[in-house]
Amino acid sequence: MTQDLFRQDAYLRECSAHITAVTDAGIVLDQTVFYPLGGGQAGDSGVLVLADGTQITIADTRKGKDADGNPTSDIVHIPAPGQEDRVAQLTPGTTVTARIDWERRHRMMRLHTTSHLLCHVVPQLVNGCSITPDYARLDFAMTDPLDKEQLTAAIATLVAAAHPLTVASISDEELDANPALVKSMSVQPPRGTGRIRTIRIGGEDNAPPIDLQPCGGTHVANTSEIGAIVVTKIEKKSATTRRVVLGFAQ
């Protein structure tokens with residue numbers, strides 16, 4: 001089992017950890033700041049630094065799977081190619097410093113938070129999403145046309161309003177009683193622990209939140225941190241789907 005430190009604090013850039021396993025899939029640690037691919041958000045990259053200063057470059061991070069392909073509670077750090085000799089020398093119990101590519105992660109935090117703002121601006125169910133360091137896309141189940149400039153302006157207003165983000169949780173029963181909190185048709189919140197992590201934007205001083213939904217991804221602490229984001233493209237993916245692509249303003 002890997003303790004996911006990024007769930008409690010998305011701003012942690014590194015941590016000390018112990019290797020618990022080295023497998024064909026990659027390197028498993030007892031705790032990590034690396035976010036694994038999931039919920040539409042790409043996995044983190046970075047380095048594992050050994051006590052002697054040797055670095056193992058991590059190209060991607062994924063959730064562990066057992067022999068039958070079922071998800072486990074491990075988080076697997078995938079070494080970049082060409083490091084096989086160094087990786088082969090790693091053994092369980094070895095202490096490493098796990099350090100993410102912070103600039104890359106922070107870009108995804110900004111885009112992921114913007115995607116939640118977009119869910120407020122376009123209040124339709126989402127049937128597909130992708131959060132990368134360079135762009136984010138959301139597919140909305142809708143038939144009405146959308147306007148790039150209007151969406152960009154609406155997002156800019158919410159960013160400038162400096163709404164705080166709050167990480168909390170609700171019980172499985174609370175979610176079952178409020179199914180509208182789930183905005184995604186394609187990704188369901190993970191269950192099994194009895195509590196489901198939520199992200200709330202705004203809602204201070206008893207005001208209604210800008211957005212509230214289950215989410216395991218990483219986010220900025222305040223919308224003002226997002227910066228200038230624009231809608232770069234709107235596509236009609238099908239008769240009932242409109243795709244909105246977000247990017248950083250040049």
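Student: Where is histidine 112?
Tutor: Histidine 112 is found in helix 3. Please keep in mind that this is a predicted model.

Student: Is histidine 112 buried or exposed?
Tutor: Histidine 112 counts as buried, because its relative accessibility is 4% and the limit for buried is under 20%.

Student: And which residues does histidine 112 touch?
Tutor: Leaving aside residues up to four places away in sequence, histidine 112 touches Gln41, Ile131, Cys215, Gly217, Thr218 and His219.

Student: Cys215 is on that list. Is cysteine 215 itself buried or exposed?
Tutor: Cysteine 215 counts as buried, with 12% relative accessibility.

Student: How many disulfides are there in the whole structure?
Tutor: A search of the whole structure finds zero. As background, a disulfide is a covalent bond between the sulfur atoms of two cysteines. Cysteine 129 is in no disulfide, and the nearest cysteine sulfur to it, that of cysteine 119, is 8.4 Å away. Cysteine 215 is likewise in no disulfide; its nearest cysteine sulfur belongs to cysteine 129, 8.5 Å away.

Student: How accessible is cysteine 129?
Tutor: Cysteine 129 is partly exposed, as its relative accessible area is 26%.

Student: Let us turn to sheets. What is the strand order in the open sheet of four strands?
Tutor: The order is 9-10-15-14, and the pairing is antiparallel. In general, strands of a sheet pair through backbone hydrogen bonds, either parallel or antiparallel.

Student: Which strands stand at the edges of that sheet?
Tutor: Strand 9 (126-131) and strand 14 (229-238) stand there. Each has a single partner strand, so one side of each is left without a neighbour in the sheet. From one strand to the next, the twist averages 15°.

Student: How many bridges join strand 9 and strand 10?
Tutor: Strand 9 pairs with strand 10 (residues 135-141) over five bridges, in the antiparallel sense. Within this region, cysteine 129 stands opposite leucine 138 in strand 10.

Student: Which strands does helix 3 touch?
Tutor: Helix 3 (residues 102-121) packs on the sheet and touches strand 9, strand 10, strand 14 and strand 15 (241-248). The direction of helix 3 makes about 140° with that of strand 15. Helix 4 (residues 148-160) also packs on the sheet, touching strand 14 and strand 15. The direction of helix 4 makes about 135° with that of strand 14.

Student: What about threonine 157: where does it lie?
Tutor: Threonine 157 lies in helix 4. Threonine 157 is exposed, with a relative accessible area of 53%. In sequence, threonine 157 and serine 224 are 67 residues apart, while in space their C-alpha atoms are 9.9 Å apart.

Student: A new topic, then. How many aromatic pairs does the structure hold?
Tutor: The structure holds two. The rings of phenylalanine 6 and tyrosine 35 have centres 5.4 Å apart and planes at 70°, so this pair is edge-to-face. Phenylalanine 6 is in helix 1 (residues 5-8), whereas tyrosine 35 is in the loop between strand 4 (31-32) and strand 5 (46-50), 29 residues apart. Both phenylalanine 6 and tyrosine 35 are buried.

Student: Which residues form the tilted pair?
Tutor: Tyrosine 11 and tryptophan 102 form it, at 5.9 Å centre to centre and with 45° between the planes. Tyrosine 11 lies in the loop between helix 1 and strand 2 (14-22), and tryptophan 102 lies in helix 3, so the pair ties together parts that are 91 residues apart in sequence. Tyrosine 11 is partly exposed, with a relative accessible area of 30%, whereas tryptophan 102 is buried at 16%.

Methods
Residues numbered from 1 in each chain as written. Predicted model: local features only at pLDDT ≥ 70, side-chain atom pairs only at ≥ 80, totals over all residues. Heavy atoms only, no water. Pairing = 2+ DSSP bridges. Helix = DSSP H or I, 4+ residues; strand = E, 2+ residues; numbered from the N terminus. Axes fitted to C-alpha atoms, helices over the stretch in contact; angles between N-to-C directions. Contact = heavy atoms within 4.5 Å. Buried < 20%, exposed > 50% of the residue type's maximum accessible area, 1.4 Å probe, protein only. Phe/Tyr/Trp six-rings, centres within 6.5 Å; stacked < 30°, edge-to-face > 60°. Disulfide = S-S within 2.5 Å.
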